[in-house]
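Here is a short briefing to read alongside the model. Have the viewer open and follow the residue labels as you go.

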Amino acid sequence: MLSGREVKMRMNKLQKRILVILLSLCLLTPIGILLPQYFNAGDAWGEWSAQTVNELVGYIPKGLEKYADLYKAPVPDYSINRDNSSIVHQSGYYLVSGILGATVTYIVMLIISMLIIRNGK
Amino acid sequence: MHIPDGYLSPQTYIPLFGVFAAAVTVAVKKVKKEVSARDIPYLGMAAAFSFIIMMFNLPIPGGTTGHAVGSAVIAILFGPWAAVVAVSVAIIIQALIFGDGGITAIGANCFNMAVCMPFAAYYLFRLFSYGSAKKSRVFFAAFIAGYLSLVLAAILTGIEFGIQPLIASSVDGKALYCPYDLKIAVPAMAIEHLLLFGIVEGVITAIIVKYFLKNEPGLIYAFRKGGKNENE
């Protein structure tokens, strides 16, 4: 199996350029919360909280009520503090979540790919 | 398009977990066969790209939000099976770390965005590019592939939402899970993706595929596999 270091050393020019583009995209992620706020757009369709469903249809479906909070994610909604209403702070949390999530995804995918592909050339 | 916990009945999410698991099993075998070790960094970047692009929530002014997924471009560049693995990793990390998409809905969300979408995109691209490596044709085919495959994933999501009132309602007629039926859920999901999010997926797909066509055409899976190059 290749170590992370070897993979990095084997990276070609195009791959390095893509990494830089991905990093830049990470820095732009706050657009993903600023733009919806600016255009007064709410939740994605079908991704409402139980309370919002109550407002929409007049009741909370029993199963939804039971399972909605089944799992507590460590960083829910890409924010470390959802009570902080400052858009600047939320943008910062979102950006950090983006970098964290993208890095974890990148590393996990590298490891999985190395485990799957052992026909190294 | 990330279905949260509590919106799908077990009769829906359990079978979709089964289908997803079967798809991953095949995907692992195919990736082992098709992808060479030197392309491993690309797969890591593809998964990270999918994760990042899904964070760019775009608004329908005064309405809902949505986003591109990145499955289409990954399927064209690295093959649909590699896309299955890469986008699944992104979706599972979104659910586990950020609570974006439910734990019970991982199978369903991966089925829509990481299994059906890349395959739809790949075959749409093959169909519309028709083996041609002409820039304008490739750009057009990649756009159509991204656009329609995201709309398809949205419609599948709408169907999964919409069948819930039929599957599970209490005696007083109230839904147990997603309260909207097919007549509402499918058009809602389809229209917003037809109008905006699908176009964004299409443009992103077209730009990136064109970029690879210019810089590293030999890498593009859709051309290597049964495309123009195979006949040469």
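Is the crossing of α1(B) and α5(B) left-handed or right-handed? The crossing is left-handed, a term for a near helix turned anticlockwise from the far one by less than a right angle, with right-handed used if it is turned clockwise. This is a predicted model, in which local features need pLDDT of at least 70 and side-chain atom pairs count only at pLDDT 80 or more, while totals for chains, interfaces and linings use all residues. Residues are numbered from 1 along each chain as its sequence is written, and chains are lettered from A and ligands numbered from 1 in the order in which they are written.

**Helix pair inside chain B**

- The axes of α1(B) and α5(B), the latter covering residues 106–129, come within 7 Å and cross at roughly 45°; axes are lines fitted to C-alpha atoms, for helices over the stretch in contact, and angles run from 0 to 180 degrees between N-to-C directions.
- The two helices, α1(B) and α5(B), are therefore oblique to each other, given that angles under 35 degrees count as roughly parallel, over 145 as roughly antiparallel, 65 to 115 as roughly perpendicular and the rest as oblique.
- Among the residues that make this contact are B:L16, B:F17 and B:F20 of α1(B) and B:F111 and B:V115 of α5(B); contact means C-beta atoms, placed from the backbone, within 7 Å.
- The residues of the contact of α1(B) with α5(B) comprise ten nonpolar, two polar and no charged, where Ala, Val, Leu, Ile, Met, Phe, Trp, Tyr, Cys and Pro count as nonpolar, Asp, Glu, Lys and Arg as charged, and the others, Gly among them, as polar.

**Chain A**

- Chain A has six helices and zero strands; helices (H or I, at least four residues) and strands (E, at least two) are DSSP runs, numbered from the N terminus.
- Of the 121 residues in chain A, 28% are buried, meaning that 20 or more other C-beta atoms lie within 10 Å of their own; 12 or fewer makes a residue exposed, and in between it is partly exposed, with C-beta atoms placed from the backbone.
- Helices α3 (residues 31–38) and α6 (residues 87–116) of chain A pack at about 145°, with their axes 9 Å apart.
- In that pair, A:G32, A:I33, A:L34 and A:Q37 of α3(A) meet A:I87, A:Q90, A:S91 and A:Y94 of α6(A).

**Where the chains meet**

- Chain B gives 62 residues to the contact and chain A gives 61 residues.
- On the side of chain B that touches chain A, the largest share, eleven residues, comes from α2(B).
- That side of chain B has 41 nonpolar, 15 polar and six charged residues.
- Helices α6(A) and α2(B) pack at an angle of about 145°, their axes 8 Å apart, and their crossing is right-handed.

**Cores and an exposed lysine**

- The largest nonpolar core has 114 residues, of which B:I76, B:A86 and B:M117 touch the most other members; such a core is a set of buried Ala, Val, Leu, Ile, Met, Phe, Trp, Tyr and Cys residues joined through C-beta atoms within 7 Å.
- Helix α6 (residues 135–162) of chain B supplies the largest share of this core, 16 residues.
- Another core, of five residues, lies apart from it and includes A:I33, A:Y93, A:Y94 and B:F98.
- B:K134 sits in the loop between α5 and α6 of chain B and is exposed, with 12 other C-beta atoms within 10 Å.

Note on methods. Contact = placed C-beta atoms within 7 Å.
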